[in-house]
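Please look over the sequence and the 3D structure shown here before reading on.

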Amino acid sequence: MNIKDVENLALLTKIELSLEEKESLLSDMKGILDYVKQIESVKVGDVKAEYKLYNVWREDNVETREFSKELITKQFPDAQDGFLKVKKIL
Amino acid sequence: MIDLTTLTIAIARKKLDAKEFSAVDLASIYLGEIKKKNKELNVYLEIYDDVLEQAKIADEKIARGESTPLLGIPLAIKDVILIQGRKVSAASKILENYLASYNATVIDKLAKQGAVFLGRTNTDEFAMGGSTENSAYGVTKNPHDPGRVAGGSSGGSVAAVTANLALGALGSDTGGSVRLPASFCGIVGVKPTYGRVSRHGLIAMGSSLDCIGPIAKTVTDAEIIFNAVKGHDILDSTSIVDTTYSKVTIKKVIGVPWDLINGEGVDSKVQENFTQSVKKLEILGFKVKDISFKNLDIALAIYYIIMPAEASTNLSRFDGMRYGLHKDGKNLLEDYLKTRGIGFGKEVRRRILLGTYALSAGYYDAYYGKAQMIRNMLKKEFALAFKNVDLIITPTVPSVAWKIGEKSNPLSAYLADIFTITANIVGVPAISLPSGNVLIEGKKLPLGIQFMAPHGREDFLFEIGKKFEAL
């Protein structure tokens with residue numbers, strides 16, 4: 001891992017970082033990755049990811065839920081006519 | 001005068017019902033204590049301004065002859081659990097002034113019983129840490145030694161109960177965040193079976209690991225809170241029902257993974273205290289058996305892959321658009337970069353970057369994929385072990401509470417989770433109980449013992465917990 005990787009990750013995660021922070025994160029991440037790399041030595045053989053699958057879906061019936069539209073829209077940093085307002089994308 | 005040091009939820013229930021004191025009396029005393037001690041300990045991020053009104057409503061119900069276990073009981077709530085209309089910040093700048101738009105299911109359940117919410121408690125930012133040193137609002141101090149951390153991430157909730165600033169509390173536990181501070185402060189902390197307590201309304205960190213858990217002075221009190229908040233919830237698709245896991249027979253055998261406990265990095269005082277606890281369990285009539293796991297020591301490594309990976313995904317919702325902090329840039333991309341750059345603290349950024357790395361193309365199989373496979377192997381090993389033992393015990397933490405600022409290297413702080421993370425990785429319930437003290441620099445510092453039970457068997461934990469506590 002090098003500083004370019006950190007820069008790339010910062011862009012992917014949409015987090016603005018100063019050069020100093022990037023360097024400090026690089027050194028932290030190197031340490032942590034060195035530690036977690038020990039999983040490489042574990043032989044998993046033919047173990048497959050096993051999940052106990054069961055249906056969590058309910059029937060498509062109308063059920064009332066209590067929620068406050070006002071409380072939700074009030075938390076928008078910017079709104080107009082009850083809609084969330086963001087900068088143009090294209 | 002009510003003596004808070006000896007008061008428990010169970011005792012308070014009797015006295016409230018007998019009208020020896022009112023819920024308003026009780027809440028007032030707690031508010032007074034909070035006023036005296038909160039500044040030094042930094043336990044509460046906010047004390048609600050309607051505590052006495054809540055208590056008054058409880059008193060009216062008591063006057064009508066109603067009685068539920070938590071009616072009129074003053075509780076502290078970790079700042080990651082939503083209460084409609086109240087602030088919830090996850091101890092982060094990115095949610096500093098956010099008002100919750102709905103109630104967490106656990107809050108609905110507690111409110112239905114008439115519990116009194118005193119305030120929201122400090123935590124590591126987004127519950128990421130083991131000491132509350134990562135809170136954007138300062139560290140919570142250990143009531144036994146204010147020079148040391150209270151543990152984390154539910155440090156505020158645990159310190160509140162320890163310092164008699166609440167009678168009980170809720171925390172959340174992703175890798176030990178209820179049990180570790182409980183050990184550092186000498187009280188009881190429970191991490192339920194994965195899915196046993198609904199997480200609807202809990203700010204998510206690692207979704208395959210997160211649990212909400214009770215914090216209390218005694219095992220009975222923890223059980224009272226657990227019984228109040230548990231249960232299937234249609235709003236949480238991962239929540240389980242009472243019949244999800246099949247019953248197991250009691251063998252009166254306890255397993256101890258001695259090779260992990262005697263390994264390096266575990267304080268000799270912790271080992272000594274643990275050995276004494278094991279002897280006590282033998283006196284109680286339990287057979288103690290040495291067990292070993294092939295993949296136990298690797299659990300911490302897979303945790304620090306799975307947890308950040310899931311956290312990086314969960315925290316993508318904090319984009320400055322829908323709620324919380326918004327920093328304006330020249331365009332949408334700059335809005336994101338600035339908001340998240342300013343809003344997230346150092347540990348949170350570290351985990352988001354780390355998780356994104358572990359999930360990125362080319363690394364996914366080597367990190368997240370492999371970690372999941374090892375997780376399955378460990379689950380199988382645990383299922384096998386629980387065929388022969390009722391409980392698996394370890395110390396809760398390999399050390400006593402550390403000094404504030406002592407662990408500047410993130411990895412050294414992560415290693416404190418060595419005993420607690422396994423229960424989250426495997427999904428089994430676990431409890432931390434006080435197991436004694438050690439005298440360090442003139443201060444009596446608590447130690448804890450952890451019991452893990454098979455899936456769905458919290459009752460094993462409460463049963464042995466009460467016996468252990470009585471010794």
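The model is predicted. Chain B has 16 helices and 13 strands, and the area buried between chain B and chain A is about 4700 Å².

**Overall form of chain B**

- The C-alpha trace of chain B spans about 70 × 60 × 50 Å along its principal axes.
- The radius of gyration of chain B is 21 Å, which agrees with the value near 23 Å that a compact globule of 471 residues would have.
- Of the 471 residues in chain B, 64% are buried.
- When contacts in chain B between residues at least 6 apart in sequence are considered, 75% of them join residues at least 24 apart.

**Surface and charge of chain B**

- The size of an interface is often given as the accessible area lost when the parts come together.
- For chain B and chain A this buried area is about 4700 Å², with carbon and sulfur atoms giving 70% of it.
- On the chain B side, the residues that lose the most area to chain A are B:Leu337, B:Arg349 and B:Leu353, which together account for 13% of what that side buries.
- Chain B brings 61 residues to the contact, and chain A brings 49 residues.

**Backbone details**

- The peptide bond that joins B:Gly152 and B:Ser153 is cis, with omega about 5 degrees.
- B:Ser153 sits in the loop between strand 5 (145-149) and helix 5 (155-162) of chain B.
- A:Lys14 is not a glycine, yet its phi is positive, at about 55 degrees.
- The loop that holds A:Lys14 runs between helix 1 (3-12) and helix 2 (19-36) of chain A.
- A:Lys14 counts as partly exposed because its relative accessibility is 27%, a value between the cut-offs of 20% and 50%.
- B:Asn42 also has a positive phi of about 55 degrees without being a glycine.
- B:Asn42 lies in the loop between helix 2 (23-41) and strand 1 (44-47) of chain B.
- B:Asn42 has a relative accessible area of 18% and is therefore buried, since buried means under 20%.

How values were computed. Residues numbered from 1 in each chain as written. Chains lettered and ligands numbered in written order. Predicted model: local features only at pLDDT ≥ 70, side-chain atom pairs only at ≥ 80, totals over all residues. Heavy atoms only, no water. Helix = DSSP H or I, 4+ residues; strand = E, 2+ residues; numbered from the N terminus. Rg over C-alpha atoms; globule rule 2.2 N^0.38 Å. Buried < 20%, exposed > 50% of the residue type's maximum accessible area, 1.4 Å probe, protein only. Contact = heavy atoms within 4.5 Å. Buried area = accessible area lost by both parts, 1.4 Å probe.
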